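Hi everyone, thanks for coming. Have the sequence and the structure up on your screens, and we'll walk through a few spots together.

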Amino acid sequence: MAPGIAMGPAFKFKKITFDIEEYKFRITDPESEISIFLEACDKTIEQLKETKQFSIKIYSDQFSEIFESQIELLQDSFFLSEIEAVIKKQKRPAVYAVHQVFKNKKEYFSNLDSPYFRDRAFDIQDLKQRVLNTIFGVAPDYQLNIPSIIFARELTPSDTVHFNRNFILGFVTDQGGKTSHAAIMANALQIPSVVNHNQLAEVINTGDFVIVDGHSGKLIIHPDQVTVDEYKSRMEKSESLSLQLKQEAQEKCLTLDGEEVRVMANVEFAEEMHDLETFGADGIGLFRTEGLFLEGQKLPGEEKQFEVYKRFSEKMGSKIFTLRTIDLGGDKLISEYQAASEQNPFLGWRGIRVCLDEPSLFKTQLRAVMRANEKGNIRVLLPMISCVDEIHESRRIIEETRKELQNEGVATQPLKIGIMVETPSVAVLADQYARYVDFFSIGTNDLTQYTLAVDRTNTKIARLFNDLHPAVLRLIRQSIEQAKSHGIEISICGELAADPKAIPALLGLGLRTFSVSLYMVPKVKRIIRGLAVSDCSEIASNLLECPTAKEVIARSVEFLERKFSGAEFIN
Ligand code: PEP
Ligand code: MG
């Protein structure tokens with residue numbers, strides 16, 4: 001779901017379908033089918049390159065990575081040989097072999113636990129459709145004649161860029177989660193959208209008048225005049241508010257009593273680079289590099305990583321760019337580094353543990369980081385630290401990598417090293433950890449899951465996942481106090497940082513650097529501007545004495561209502 005409201009006629013986008021059963025026969029001339037397949041791959045690669053260029057023209061290079069990884073798959077000799085083997089050994093036509101191998105790959109991704117990987121299945125499906133379209137010499141209809149809301153079973157990045165951007169009012173898709181590329185693109189383009197709207201694309205007709213409410217995920221078909229008027233006025237209000245907040249976000253963020261607070265961005269995908277300035281990010285507080293590793297079919301090498309890190313570093317100029325080293329494991333798996341299935345993956349082979357066991361993976365990333373750090377604005381953040389030895393070992397590998405680069409004649413800039421405070425071990429012993437690092441970044445998503453023993457991905461116990469639990473707040477307080485007394489920087493990058501109910505407490509506990517999802521930066525800055533640190537310190541002390549999360553929340557809501565009575569951006 002991407003926020004915002006869209007109103008207008010529906011355009012029902014139809015994919016071309018093929019009856020694969022018709023191609024299940026045996027063939028006698030595998031070589032000619034292999035040529036058909038390889039020719040289709042070459043043509044598809046050419047089309048993808050054109051689509052990428054086309055997308056760069058309209059959207060700059062924010063979506064290039066997506067097409068790049070599709071091209072890579074079609075150039076992957078291992079993958080191509082799988083399809084050739086089906087043609088040769090099973091004596092099947094190219095169409096059938098393409099369908100079968102892509103289908104298996106898609107199913108593999110669809111069955112993974114992680115919603116992120118399930119969504120990658122759509123990219124595989126998209127590529128399959130493209131290759132089949134090329135073999136059959138057909139192309140779908142992207143012709144929008146008037147501004148419309150696009151309805152589709154699923155939308156892929158290549159579909160999205162083919163529509164006239166000026167005519168896209170919104171998206172509604174049957175499939176795709178919040179990390180699907182359709183959702184990511186809608187978000188990046190700020191197009192109101194609703195994804196995963198079961199079967200709705202089936203019943204809608206082109207021309208039906210609809211309202212898409214990306215805030216609530218609601219879709220209204222043939223609304224009456226009263227509803228239209230109500231939504232029109234909501235659209236006007238929310239557009240002017242978001243414009244105003246983005247403008248304000250360009251200014252220094254000061255509390256009512258004049259304390260400066262930095263609000264940086266959490267970034268996951270290369271596409272988001274485009275919006276860093278618009279949303280007034282005061283730096284990047286968390287770059288989740290595993291996004292890059294999960295995007296392609298294989299691990300990105302040093303050069304590819306170097307290019308991405310360098311582009312971000314240049315974009316940030318004098319602002320900080322915090323790059324977290326790969327945090328694989330838990331719900332973020334990748335076949336090349338997938339351990340045998342673990343009983344408790346979140347307590348298992350994850351984050352820094354993977355990197356220390358696989359030094360070549362770690363070193364490749366570190367080399368790319370150090371080479372990209374010409375401006376000296378990159379700092380490195382280590383995830384999932386749970387004992388001091390891991391810092392020593394990481395530093396040893398970092399220094400070894402630096403020496404290797406120097407021996408190759410590559411000059412390196414000093415690199416600040418920080419750790420995530422996301423295991424209770426670090427928060428409880430923060431005074432010890434603070435001696436060996438340059439900064440802390442509090443990751444409340446994991447800190448909450450490990451403190452409360454509540455799996456963050458388990459919907460059955462979602463009600464127990466409460467990052468405003470007083471136990472979590474006390475660990476945050478302890479980390480801030482220790483960071484300050486050891487003179488190191490501290491920031492927060494978990495989801496809690498963007499929760500209006502938490503902001504007063506976090507300010508009151510002494511935090512002056514927040515890092516939140518890019519699109520939340522303007523809103524968070526607005527809230528901070530409306531608060532005085534002196535009031536916040538008082539509410540923070542009260543909240544720390546609460547016995548339950550429920551009580552913390554009730555008191556915070558009451559406090560916010562007093563400060564911002566009825567303001568829309570608080571919700
Ligand atoms: C966290 O754990 O709070 C965090 C920011 O890291 P991630 O959500 O990527 O685990
Ligand atoms: Mg984490």
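Predicted model: local features only at pLDDT ≥ 70, side-chain atom pairs only at ≥ 80, totals over all residues.

Staying on H18, which of its residues are buried? The list is Pro470, Val472, Leu473, Leu475, Ile476, Ser479, Ile480 and Ala483. After the helix comes Gly487, and its phi is positive, near 65°.

Thr548 is 78 residues from Pro470 in sequence, yet their C-alpha atoms are 6.4 Å apart in space. You'll find Thr548 in the loop between helix H21, residues 533-544, and helix H22, residues 549-564. Is Thr548 buried, exposed or partly exposed? It counts as partly exposed, because its relative accessibility is 35% and that class covers what falls between under 20% for buried and over 50% for exposed. Its side chain also has a polar atom 3.1 Å from the backbone nitrogen of Glu551.

How many residues surround ligand 1? There are 15, and the closest are Arg288, Arg324, Gly443, Asn445 and Arg456. Look at the arginines in that list. In the side chain of Arg324, an N or O atom sits 2.7 Å from an oxygen atom of ligand 1. Arg456 also puts a polar side-chain atom 2.7 Å from a ligand 1 oxygen. Then there's Thr444, where a backbone N or O atom is 3.1 Å from an oxygen of ligand 1. How much of the ligand does the protein cover? On its own, ligand 1 has 290 Å² of accessible area, and the protein covers 99% of that.

As for where the shell comes from, the elements that give two or more residues are strand S8, residues 284-288, and helix H17, residues 444-452. H17 has the largest share, with three residues. If you sort the shell by residue type, you get eight charged, four polar and three nonpolar.

Ala453 has a positive phi, near 55°, and it isn't a glycine. Ala453 is in the loop between H17 and H18, and it is exposed, because its relative accessible area is 68% and the cut-off for exposed is over 50%.

There's another one of these at His222, with a positive phi near 50° in a residue other than glycine. That one is in the loop between S6 and H9. His222 counts as exposed too, at 53% relative accessibility.

With 24 residues, H9 reaches 34 Å from its first C-alpha to its last, close to the 34 Å expected. The buried residues of H9 are Thr227, Val228, Tyr231, Met235, Ser238, Leu241 and Leu245. What covers them? The cover includes strands S1 (5-12), S5 (209-213) and S6 (218-221), plus helix H20 (521-529).

In the loop between H9 and strand S7, which is residues 262-267, look for Asp257. Asp257 is partly exposed, with 37% relative accessible area. Leaving aside neighbours within four places in sequence, Asp257 contacts Leu531, Ala532, Val533 and Ser534. One of those, Val533, has its backbone nitrogen 2.9 Å from a polar side-chain atom of Asp257.

Last stop is Arg379, in strand S10, residues 378-382. Is this arginine buried or exposed? It's buried, because its relative accessible area is 5% and anything under 20% counts as buried. Which side chain does Arg379 pair with? Its side chain makes a polar contact with the side chain of Glu489, at 3.1 Å. Beyond neighbours within four places in sequence, the residues in contact with Arg379 include Met264, Ile320, Phe321, Lys416, Phe439 and Ser491.

That's my tour, and I'm happy to go back to any of these spots on screen.

Technical notes:
Residues numbered from 1 in each chain as written. Chains lettered and ligands numbered in written order. Heavy atoms only, no water. Near = heavy atom within 4 Å. Polar contact = N/O pair within 3.5 Å; in protein donor to acceptor, adjacent residues only side chain to side chain. Areas by Shrake-Rupley, 256 points an atom, 1.4 Å probe, with all protein chains shown as cover. Helix = DSSP H or I, 4+ residues; strand = E, 2+ residues; numbered from the N terminus. Nonpolar A, V, L, I, M, F, W, Y, C, P; charged D, E, K, R; others polar. Expected span 1.5 Å × (residues − 1). Buried < 20%, exposed > 50% of the residue type's maximum accessible area, 1.4 Å probe, protein only. Contact = heavy atoms within 4.5 Å.
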